[in-house]
Amino acid sequence: MSSYKYTFKKFINDWMLIIGMLAGAGIYLIYNSLEFLHPAGPYLETAVKIIQPLLLFTMLFLSFCKIEPSQMKPHKWHLWLLLFQGIWYIALSLLIFWAMHSDCNFARSVLSQRIPIEATMLCIICPTATACAVVTGKLGGNMAGVMTYTIIINLLVSIIVPVFIPLIYPTGGLSFSTAICKILAKVFPLLILPCLCAWMVRYLFPKLHSKLLQRSDLSFHIWAVSLSLALVMSTRSIVHIKNAASVLLGIAVASLLSCLMQFLCGKLIGSAYGCRISAGQALGQKNTVFAIWMGYTFMDPIVSTAGGFYSIWHNCFNTWQLYRRRKEQENIMTRVRS
(Lines give C-alpha, C1' and ligand atoms only; values in the text may rest on other atoms or scores of the structure.)
Protein backbone atom coordinates (compact mmCIF):
# COMPACT_ATOMS: atom_id res chain seq x y z
CA MET A 1 0.00 0.00 0.00
CA SER A 2 2.81 2.44 0.88
CA SER A 3 4.43 1.73 -2.49
CA TYR A 4 1.13 2.50 -4.22
CA LYS A 5 0.80 5.78 -2.30
CA TYR A 6 4.35 6.75 -3.22
CA THR A 7 3.77 5.97 -6.89
CA PHE A 8 0.51 7.94 -6.92
CA LYS A 9 2.10 10.92 -5.14
CA LYS A 10 5.04 10.87 -7.56
CA PHE A 11 2.66 10.76 -10.53
CA ILE A 12 0.73 13.77 -9.19
CA ASN A 13 3.95 15.74 -8.60
CA ASP A 14 5.34 14.89 -12.03
CA TRP A 15 2.21 15.87 -13.91
CA MET A 16 0.63 18.43 -11.58
CA LEU A 17 0.64 21.22 -14.15
CA ILE A 18 -0.98 19.11 -16.87
CA ILE A 19 -3.56 17.86 -14.35
CA GLY A 20 -4.26 21.46 -13.29
CA MET A 21 -4.68 22.54 -16.91
CA LEU A 22 -7.02 19.66 -17.75
CA ALA A 23 -9.00 20.26 -14.56
CA GLY A 24 -9.44 23.95 -15.33
CA ALA A 25 -10.46 23.39 -18.95
CA GLY A 26 -12.70 20.46 -17.99
CA ILE A 27 -14.49 22.40 -15.25
CA TYR A 28 -15.39 25.20 -17.63
CA LEU A 29 -16.49 22.86 -20.43
CA ILE A 30 -18.74 20.96 -18.01
CA TYR A 31 -20.18 24.23 -16.69
CA ASN A 32 -20.75 25.51 -20.24
CA SER A 33 -22.57 22.33 -21.28
CA LEU A 34 -24.96 22.30 -18.27
CA GLU A 35 -27.44 25.14 -18.77
CA PHE A 36 -28.88 24.94 -15.24
CA LEU A 37 -25.47 26.11 -13.93
CA HIS A 38 -25.37 29.23 -16.13
CA PRO A 39 -27.27 31.51 -13.67
CA ALA A 40 -24.40 30.98 -11.22
CA GLY A 41 -21.90 32.21 -13.83
CA PRO A 42 -21.61 35.83 -12.67
CA TYR A 43 -21.12 34.75 -9.06
CA LEU A 44 -18.52 32.16 -10.03
CA GLU A 45 -16.68 34.72 -12.15
CA THR A 46 -16.64 37.15 -9.22
CA ALA A 47 -15.33 34.41 -6.94
CA VAL A 48 -12.52 33.56 -9.38
CA LYS A 49 -11.59 37.24 -9.69
CA ILE A 50 -11.26 37.40 -5.89
CA ILE A 51 -9.62 34.04 -5.25
CA GLN A 52 -7.02 34.11 -8.02
CA PRO A 53 -5.36 37.40 -6.96
CA LEU A 54 -5.25 36.10 -3.38
CA LEU A 55 -3.54 32.91 -4.55
CA LEU A 56 -1.06 34.89 -6.66
CA PHE A 57 -0.39 37.24 -3.76
CA THR A 58 0.30 34.30 -1.43
CA MET A 59 2.51 32.58 -3.98
CA LEU A 60 4.55 35.74 -4.59
CA PHE A 61 4.75 36.41 -0.86
CA LEU A 62 6.23 32.95 -0.26
CA SER A 63 8.65 33.42 -3.16
CA PHE A 64 9.84 36.79 -1.84
CA CYS A 65 10.35 35.21 1.59
CA LYS A 66 13.07 33.05 0.04
CA ILE A 67 14.90 36.04 -1.48
CA GLU A 68 17.27 38.37 0.35
CA PRO A 69 16.58 42.05 -0.47
CA SER A 70 20.24 42.40 -1.49
CA GLN A 71 19.67 39.78 -4.20
CA MET A 72 17.12 41.96 -5.98
CA LYS A 73 19.41 43.70 -8.43
CA PRO A 74 19.54 44.19 -12.21
CA HIS A 75 21.66 41.89 -14.39
CA LYS A 76 23.03 42.33 -17.90
CA TRP A 77 20.75 39.65 -19.26
CA HIS A 78 17.77 41.71 -18.07
CA LEU A 79 18.71 44.43 -20.57
CA TRP A 80 18.88 41.98 -23.48
CA LEU A 81 15.48 40.50 -22.63
CA LEU A 82 13.97 43.98 -22.37
CA LEU A 83 15.44 44.89 -25.77
CA PHE A 84 14.12 41.64 -27.26
CA GLN A 85 10.56 42.24 -26.06
CA GLY A 86 10.56 45.97 -26.72
CA ILE A 87 12.09 45.90 -30.21
CA TRP A 88 9.87 43.06 -31.44
CA TYR A 89 6.74 44.74 -30.12
CA ILE A 90 7.63 48.14 -31.59
CA ALA A 91 8.63 46.62 -34.96
CA LEU A 92 5.35 44.70 -35.32
CA SER A 93 3.32 47.73 -34.21
CA LEU A 94 5.02 49.92 -36.81
CA LEU A 95 4.56 47.22 -39.46
CA ILE A 96 0.79 47.19 -38.94
CA PHE A 97 0.67 51.01 -38.75
CA TRP A 98 2.53 51.24 -42.07
CA ALA A 99 0.28 48.62 -43.68
CA MET A 100 -2.83 50.56 -42.58
CA HIS A 101 -1.61 53.60 -44.54
CA SER A 102 -0.19 51.91 -47.63
CA ASP A 103 -1.77 50.48 -50.78
CA CYS A 104 1.00 48.15 -51.96
CA ASN A 105 0.52 44.40 -52.24
CA PHE A 106 2.79 43.64 -49.32
CA ALA A 107 0.77 45.98 -47.09
CA ARG A 108 -2.43 44.18 -48.08
CA SER A 109 -0.74 40.85 -47.25
CA VAL A 110 0.21 42.17 -43.83
CA LEU A 111 -3.34 43.34 -43.12
CA SER A 112 -4.71 39.95 -44.20
CA GLN A 113 -2.62 38.43 -41.40
CA ARG A 114 -3.24 41.25 -38.93
CA ILE A 115 -4.86 39.10 -36.24
CA PRO A 116 -1.99 36.54 -36.01
CA ILE A 117 0.53 39.41 -36.06
CA GLU A 118 -1.29 41.16 -33.22
CA ALA A 119 -1.44 37.84 -31.35
CA THR A 120 2.34 37.61 -31.72
CA MET A 121 2.69 41.19 -30.44
CA LEU A 122 0.58 40.35 -27.39
CA CYS A 123 2.54 37.17 -26.63
CA ILE A 124 5.88 38.97 -26.91
CA ILE A 125 5.13 42.10 -24.88
CA CYS A 126 3.19 40.24 -22.19
CA PRO A 127 5.15 40.48 -18.91
CA THR A 128 6.71 37.58 -17.07
CA ALA A 129 4.32 35.39 -15.08
CA THR A 130 4.12 36.00 -11.36
CA ALA A 131 4.57 32.24 -10.92
CA CYS A 132 7.80 32.24 -12.91
CA ALA A 133 10.00 32.37 -9.82
CA VAL A 134 8.35 29.19 -8.48
CA VAL A 135 9.17 27.20 -11.62
CA THR A 136 12.63 28.76 -11.87
CA GLY A 137 13.40 27.66 -8.31
CA LYS A 138 12.19 24.13 -9.08
CA LEU A 139 14.48 24.04 -12.12
CA GLY A 140 17.49 25.27 -10.15
CA GLY A 141 17.56 28.81 -11.54
CA ASN A 142 18.01 32.24 -9.97
CA MET A 143 14.68 33.17 -8.37
CA ALA A 144 15.85 36.65 -7.36
CA GLY A 145 16.90 37.49 -10.92
CA VAL A 146 13.53 36.41 -12.28
CA MET A 147 11.61 38.36 -9.65
CA THR A 148 13.63 41.49 -10.44
CA TYR A 149 12.95 41.09 -14.16
CA THR A 150 9.23 40.58 -13.48
CA ILE A 151 9.07 44.02 -11.87
CA ILE A 152 11.19 45.67 -14.60
CA ILE A 153 9.22 44.23 -17.52
CA ASN A 154 5.93 45.33 -15.97
CA LEU A 155 7.33 48.86 -15.86
CA LEU A 156 8.25 48.62 -19.56
CA VAL A 157 4.81 47.26 -20.48
CA SER A 158 3.05 50.05 -18.60
CA ILE A 159 4.93 52.60 -20.75
CA ILE A 160 5.31 50.97 -24.15
CA VAL A 161 1.77 49.60 -24.62
CA PRO A 162 -0.03 52.96 -24.14
CA VAL A 163 2.42 54.58 -26.57
CA PHE A 164 1.99 52.17 -29.50
CA ILE A 165 -1.54 50.76 -29.12
CA PRO A 166 -3.14 54.05 -30.33
CA LEU A 167 -1.19 53.70 -33.59
CA ILE A 168 -3.04 50.54 -34.58
CA TYR A 169 -6.29 51.21 -32.65
CA PRO A 170 -6.72 54.98 -33.05
CA THR A 171 -10.39 54.91 -31.99
CA GLY A 172 -9.71 53.21 -28.68
CA GLY A 173 -10.60 56.38 -26.75
CA LEU A 174 -7.91 55.85 -24.11
CA SER A 175 -5.39 58.56 -23.33
CA PHE A 176 -1.82 57.67 -22.46
CA SER A 177 -2.32 58.56 -18.80
CA THR A 178 -5.54 56.53 -18.56
CA ALA A 179 -3.97 53.48 -20.21
CA ILE A 180 -0.87 53.57 -18.04
CA CYS A 181 -2.98 53.90 -14.89
CA LYS A 182 -5.12 50.93 -15.93
CA ILE A 183 -2.05 48.76 -16.42
CA LEU A 184 -0.32 49.87 -13.21
CA ALA A 185 -3.51 49.29 -11.22
CA LYS A 186 -3.72 45.78 -12.68
CA VAL A 187 -0.18 44.59 -11.99
CA PHE A 188 1.43 46.45 -9.12
CA PRO A 189 -0.76 45.34 -6.20
CA LEU A 190 0.40 41.81 -7.03
CA LEU A 191 4.08 42.75 -7.34
CA ILE A 192 4.98 45.39 -4.79
CA LEU A 193 2.73 44.47 -1.85
CA PRO A 194 3.85 40.81 -1.60
CA CYS A 195 7.46 42.00 -1.67
CA LEU A 196 6.94 44.54 1.12
CA CYS A 197 4.98 42.04 3.25
CA ALA A 198 7.62 39.34 2.81
CA TRP A 199 10.46 41.63 3.83
CA MET A 200 8.46 42.92 6.79
CA VAL A 201 7.98 39.33 8.00
CA ARG A 202 11.70 38.61 7.41
CA TYR A 203 12.84 41.43 9.72
CA LEU A 204 9.97 41.73 12.23
CA PHE A 205 8.86 38.12 12.62
CA PRO A 206 11.94 35.92 12.05
CA LYS A 207 10.37 32.81 13.62
CA LEU A 208 7.38 32.99 11.29
CA HIS A 209 9.74 33.62 8.40
CA SER A 210 11.72 30.50 9.30
CA LYS A 211 8.55 28.38 9.40
CA LEU A 212 7.45 29.70 6.01
CA LEU A 213 10.80 28.73 4.50
CA GLN A 214 10.22 25.14 5.63
CA ARG A 215 7.13 24.92 3.40
CA SER A 216 9.22 24.87 0.25
CA ASP A 217 6.59 23.21 -1.98
CA LEU A 218 3.60 25.23 -0.81
CA SER A 219 3.99 27.94 -3.47
CA PHE A 220 4.18 25.27 -6.20
CA HIS A 221 0.90 23.70 -5.07
CA ILE A 222 -0.75 27.12 -4.85
CA TRP A 223 0.40 27.75 -8.40
CA ALA A 224 -1.24 24.50 -9.55
CA VAL A 225 -4.58 25.68 -8.14
CA SER A 226 -4.08 29.15 -9.63
CA LEU A 227 -3.25 27.54 -12.97
CA SER A 228 -6.56 25.65 -12.92
CA LEU A 229 -8.43 28.92 -12.41
CA ALA A 230 -6.39 30.58 -15.16
CA LEU A 231 -7.33 27.76 -17.55
CA VAL A 232 -10.98 28.24 -16.64
CA MET A 233 -10.73 31.85 -17.82
CA SER A 234 -8.59 30.92 -20.85
CA THR A 235 -11.04 28.23 -21.95
CA ARG A 236 -13.92 30.68 -21.60
CA SER A 237 -12.17 33.23 -23.80
CA ILE A 238 -11.53 30.60 -26.50
CA VAL A 239 -15.01 29.00 -26.37
CA HIS A 240 -16.95 32.25 -26.64
CA ILE A 241 -15.06 33.68 -29.59
CA LYS A 242 -17.32 33.13 -32.62
CA ASN A 243 -14.73 33.83 -35.33
CA ALA A 244 -13.89 31.24 -37.96
CA ALA A 245 -11.83 28.23 -36.94
CA SER A 246 -9.10 29.30 -39.38
CA VAL A 247 -8.63 32.56 -37.42
CA LEU A 248 -8.34 30.70 -34.13
CA LEU A 249 -5.91 28.26 -35.76
CA GLY A 250 -3.76 31.19 -36.92
CA ILE A 251 -3.73 32.61 -33.39
CA ALA A 252 -2.88 29.21 -31.92
CA VAL A 253 0.05 28.78 -34.32
CA ALA A 254 1.27 32.35 -33.71
CA SER A 255 1.18 31.86 -29.94
CA LEU A 256 2.96 28.49 -30.21
CA LEU A 257 5.75 29.93 -32.37
CA SER A 258 6.05 32.92 -30.03
CA CYS A 259 6.35 30.59 -27.05
CA LEU A 260 9.04 28.43 -28.63
CA MET A 261 10.97 31.46 -29.91
CA GLN A 262 10.99 33.21 -26.54
CA PHE A 263 12.05 30.17 -24.53
CA LEU A 264 14.81 29.47 -27.06
CA CYS A 265 16.05 33.08 -27.28
CA GLY A 266 15.86 33.49 -23.51
CA LYS A 267 17.99 30.41 -22.97
CA LEU A 268 20.50 31.52 -25.62
CA ILE A 269 20.82 34.97 -24.03
CA GLY A 270 21.04 33.50 -20.55
CA SER A 271 23.73 31.02 -21.58
CA ALA A 272 26.10 33.93 -22.24
CA TYR A 273 25.71 35.05 -18.61
CA GLY A 274 25.44 31.70 -16.84
CA CYS A 275 21.68 32.13 -16.29
CA ARG A 276 20.23 29.88 -18.97
CA ILE A 277 17.30 28.63 -16.89
CA SER A 278 16.41 32.01 -15.37
CA ALA A 279 16.53 33.97 -18.64
CA GLY A 280 14.61 31.28 -20.51
CA GLN A 281 11.83 31.28 -17.92
CA ALA A 282 11.76 35.09 -17.61
CA LEU A 283 11.25 35.50 -21.34
CA GLY A 284 9.15 32.42 -22.08
CA GLN A 285 6.79 32.07 -19.11
CA LYS A 286 4.07 34.72 -19.39
CA ASN A 287 1.33 36.25 -17.28
CA THR A 288 -1.36 34.92 -19.60
CA VAL A 289 -4.28 36.17 -17.48
CA PHE A 290 -2.84 39.65 -17.93
CA ALA A 291 -2.44 38.97 -21.66
CA ILE A 292 -6.12 38.06 -21.96
CA TRP A 293 -7.10 41.22 -20.06
CA MET A 294 -4.80 43.37 -22.21
CA GLY A 295 -6.22 41.88 -25.40
CA TYR A 296 -9.81 42.62 -24.35
CA THR A 297 -8.97 46.10 -23.04
CA PHE A 298 -6.74 47.50 -25.78
CA MET A 299 -7.12 45.29 -28.87
CA ASP A 300 -9.60 43.25 -30.87
CA PRO A 301 -11.20 40.76 -28.41
CA ILE A 302 -10.29 37.83 -30.68
CA VAL A 303 -6.61 38.62 -30.08
CA SER A 304 -7.07 37.95 -26.36
CA THR A 305 -7.40 34.21 -27.11
CA ALA A 306 -3.65 34.24 -27.78
CA GLY A 307 -3.20 34.43 -24.02
CA GLY A 308 -5.32 31.32 -23.55
CA PHE A 309 -3.39 29.35 -26.16
CA TYR A 310 -0.04 30.59 -24.82
CA SER A 311 -1.05 29.38 -21.35
CA ILE A 312 -1.37 25.87 -22.75
CA TRP A 313 1.94 25.94 -24.62
CA HIS A 314 4.17 27.37 -21.89
CA ASN A 315 2.71 25.13 -19.20
CA CYS A 316 3.22 22.03 -21.36
CA PHE A 317 6.83 23.11 -21.85
CA ASN A 318 7.23 23.74 -18.12
CA THR A 319 5.82 20.31 -17.33
CA TRP A 320 8.37 18.72 -19.66
CA GLN A 321 11.21 20.74 -18.09
CA LEU A 322 10.18 19.84 -14.54
CA TYR A 323 9.82 16.16 -15.47
CA ARG A 324 13.27 16.15 -17.08
CA ARG A 325 14.75 17.91 -14.03
CA ARG A 326 13.31 15.29 -11.66
CA LYS A 327 14.63 12.48 -13.87
CA GLU A 328 18.12 14.02 -13.81
CA GLN A 329 18.01 14.29 -10.01
CA GLU A 330 16.80 10.68 -9.71
CA ASN A 331 19.65 9.50 -11.96
CA ILE A 332 22.18 11.40 -9.84
CA MET A 333 20.79 9.86 -6.64
CA THR A 334 20.90 6.40 -8.22
CA ARG A 335 24.57 6.84 -9.20
CA VAL A 336 25.44 8.09 -5.71
CA ARG A 337 23.80 5.09 -4.06
CA SER A 338 25.54 2.66 -6.40
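Biologist: How many of the nine residues of helix α14 are buried, and what follows for the helix?

Modeller: Keep in mind that this is a predicted model. Seven of the nine residues of α14, which spans residues 276–284, are buried, so the helix is largely enclosed by the rest of the structure. The cut-off behind that is under 20% relative accessible area.

Biologist: Which residues of α14 are buried?

Modeller: Ser 278, Ala 279, Gly 280, Gln 281, Ala 282, Leu 283 and Gly 284.

Biologist: And what covers the buried residues of α14?

Modeller: The cover includes α4 (76–100), α7 (132–138), α8, α13 (245–271) and α16 (305–337).

Biologist: Let's step back to the whole fold. How many helices and strands does the protein have?

Modeller: There are 16 helices and zero strands. The radius of gyration is 21 Å, close to the 20 Å that the globule rule gives for 338 residues, so the protein is as compact as a globular protein of that length. Its C-alpha atoms fill a box of roughly 70 × 50 × 45 Å along the principal axes.

Biologist: What share of the residues counts as buried?

Modeller: 49% of the 338 residues. For the contacts, take those between residues at least 6 apart in sequence: 83% of them join residues at least 24 apart.

Biologist: Now helix packing. What describes two packed helices?

Modeller: You give the angle between their axes and the distance between the axes.

Biologist: Which residues of α3 and α10 meet?

Modeller: From α3 you have Phe 57, Leu 60, Phe 61, Phe 64 and Cys 65. Facing them in α10 are Leu 193, Pro 194, Cys 195, Cys 197, Ala 198, Trp 199, Val 201 and Arg 202. Sorted by class, this contact has 12 nonpolar residues, no polar ones and one charged.

Biologist: Why do residues three or four places apart point the same way in an α-helix?

Modeller: Because an α-helix has 3.6 residues a turn. Keep that idea for the next pair of helices.

Biologist: Go on, then. At what angle do α6 and α8 cross?

Modeller: Roughly 165°, with the axes of α6 (residues 114–125) and α8 (residues 143–168) coming within 12 Å. That makes α6 roughly antiparallel to α8. The crossing is right-handed. On the α6 side the contact is made by Arg 114, Glu 118, Met 121 and Ile 125, and on the α8 side by Val 157, Ile 160, Val 161 and Ile 168. By class, that gives six nonpolar, no polar and two charged residues.

Definitions and conventions
Residues numbered from 1 in each chain as written. Predicted model: local features only at pLDDT ≥ 70, side-chain atom pairs only at ≥ 80, totals over all residues. Heavy atoms only, no water. Contact = heavy atoms within 4.5 Å. Helix = DSSP H or I, 4+ residues; strand = E, 2+ residues; numbered from the N terminus. Nonpolar A, V, L, I, M, F, W, Y, C, P; charged D, E, K, R; others polar. Rg over C-alpha atoms; globule rule 2.2 N^0.38 Å. Buried < 20%, exposed > 50% of the residue type's maximum accessible area, 1.4 Å probe, protein only. Axes fitted to C-alpha atoms, helices over the stretch in contact; angles between N-to-C directions. Parallel < 35°, antiparallel > 145°, perpendicular 65-115°, else oblique. Left-handed = near helix turned anticlockwise from the far one by under 90°.
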